[in-house]
Amino acid sequence: MKSIKDKLLKAIDILDIKSTNCEITHSKDLNKLINQINKQLPKRPLDYDSLINDFKHQIIPLLNQNTSPNYAAYITGSSTEIGAIAEFIKGYYNQNGLKWINSPITSELEKLVVKWISEFILLPNFNHGMLTTGGSMSNLLAIHFSLANAYPNREYNGIPSDKIKVYSSDQTHSSVERAMVFLGLGRNSLVKISTDKSYKVNTEELEKRIKSDKASGYTPLIIIGNAGTTNTGAIDNLLELSKISNKYNTWFHIDGAYGLPAIRLKKLRARFHGASFADSITVNPHKWMYVPFEASCLLLKKIPIAINFTPDYLDDFSSEQRMISDQTIELTKEFRALKIWLTLKYYGADQISQFIENDIFLINYLSKKLKILDFVEIHPESELSILCFRFISENLNETQTERLNILSLKLIKENRSIFFTGTRLNNKVYMRIFFGNPNRKKKDVKFMLKKIIEVYNHSIKQI
Ligand SMILES: *Cc1c(COP(=O)(O)O)cnc(C)c1O
């Protein structure tokens, strides 16, 4: 019998394949490999060496190397070694924070790291909060709390939801629309306000719309501002939003899932002015704080509701009845705080700020290098660590330009030595690069640049 130490060492040996593998997305024989995975329910035990061997040959070739500096897709946080170690420990001890007494440290460390996160983003006046699976859950809970605040009897009576309006910009993350569906408010109750040329919400239009909705008998519930949109990293005028929210007595939520940690950088701080006036804030440690998935944090100034669901089988028959699960949807609660605690202690807030600064420095470096090329159009100017650009050529009309960029994205996907994806801005297809990896160096960006130029040279010939 192997000890856990031996087993771990063997597993780690397999992981080392990664550093010699220059393909950063899954193998091109994806479907073939998926078909090769043995689909039968295993009935008998498999010895550890064979198991690891299966893992090596059936699973590893299908992994995307998200932690590679050449991976720049979506907003994929890179994680770190200390984060990976935390995840192992979490699984080993398998704490369940469903009740305080069942794992006091799960609840207590969560309280502590929530406080640390609020201090990390320089907003220590948010004294409450919770860790969640992701920004989508945090945003959903924020809308839930805004409802609980506005309708104290909702817990028992529900609400007539067809008169409620939720306001955000047309750049707001799709999780808000998803929350509208899951909370039963409906997609039509989400008012998407247009944005200006730098993709920040038009606050005048917002106020006009709130006024006219009120005149038509609707109730403005919540304004959701962006502190770093997913598309381009745009930061709304949060101070202006807080004033409008105050004036019309709505809840004010800030979705800073991606961008808020950049508030730590002096040169960007003023851009987040007004954030402290929010009622709730979403920030994802699993994005720009380099913590492994899944880790988001919802910060609040007050928690308007704690729903007591304690059934008989969770009764402690003592005075010790605290349930952190009374604030969220899930009952079983993993020891999510551990990876954040370990990451913040291992690096310290200052070094994590330097990682963020490095990401922004490198995206600006890439932007500068791309700008020199006459076949590249950058739009908009990036403020955080997202860069959108497209290939252009004098000889191409809009349709051909779109084809050129879609083809280029396809070539990047097939090439597999670098990886990023695209988006649409003003109805035009753009390529989109996200940097959020402490291991990325200038030489990696140079490599990416070289590949981008190669892709252009290939795709332009085919238009
Ligand atoms: C990523 C993101 C979300 C959703 O977060 P998940 O963790 O993927 O659920 C919400 N808002 C913004 C601005 C994001 O960038």
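1. Let's start at the ligand. One of its oxygen atoms has a polar side-chain atom of His286 at 2.9 Å. Keep in mind as you look around that this is a predicted model.

2. Lys287 has a side-chain N or O atom 2.8 Å from an oxygen atom of the ligand. How much of the ligand does the protein bury? On its own the ligand exposes 380 Å², and 86% of that is buried by the protein.

3. Now zoom out to the whole shell. It holds 15 residues around the ligand, and the closest are Gly135, Ser136, Thr230, Asp255 and Lys287. Sorted by class, 10 of the shell residues are polar, 3 are nonpolar and 2 are charged.

4. Which helix gives the most to this shell? That would be α7, with 3 residues. Both α7 (135–150) and α13 (285–288) supply at least two shell residues each.

5. Next, have a look at Thr132, which you'll find in strand β1 (residues 128–132). Is Thr132 buried or exposed? Its relative accessibility is 3%, so Thr132 counts as buried. The side chain of Thr132 makes a polar contact of 2.8 Å with the side chain of Ser138. If you skip the neighbours within four places in sequence, the residues in contact with Thr132 are Met137, Ser138, Leu141, Glu294, Ala295, Ser296 and Arg336.

6. On to the aromatic rings. A ring pair is described by how far apart the centres are and by the angle of the planes. There are 13 aromatic pairs in this model. Take Tyr347 and Phe355: their ring centres are 5.1 Å apart and their planes sit at 80°, so this pair is edge-to-face. Tyr347 and Phe355 are both buried.

7. Compare that with Phe375 and Tyr456, whose rings are stacked, with 3.7 Å from centre to centre and 10° between the planes. Where do these two residues sit? Phe375 is in the loop between α14 (337–371) and β8 (376–378), while Tyr456 belongs to helix α16 (residues 442–461), so the pair ties together parts that are 81 residues apart in sequence. Phe375 and Tyr456 are buried too.

8. One last thing to pick out on screen: Phe375 and Tyr456 belong to one aromatic cluster together with Phe389, Phe391 and Phe420.

How values were computed
Residues numbered from 1 in each chain as written. Predicted model: local features only at pLDDT ≥ 70, side-chain atom pairs only at ≥ 80, totals over all residues. Heavy atoms only, no water. Near = heavy atom within 4 Å. Polar contact = N/O pair within 3.5 Å; in protein donor to acceptor, adjacent residues only side chain to side chain. Areas by Shrake-Rupley, 256 points an atom, 1.4 Å probe, with all protein chains shown as cover. Helix = DSSP H or I, 4+ residues; strand = E, 2+ residues; numbered from the N terminus. Nonpolar A, V, L, I, M, F, W, Y, C, P; charged D, E, K, R; others polar. Buried < 20%, exposed > 50% of the residue type's maximum accessible area, 1.4 Å probe, protein only. Contact = heavy atoms within 4.5 Å. Phe/Tyr/Trp six-rings, centres within 6.5 Å; stacked < 30°, edge-to-face > 60°.
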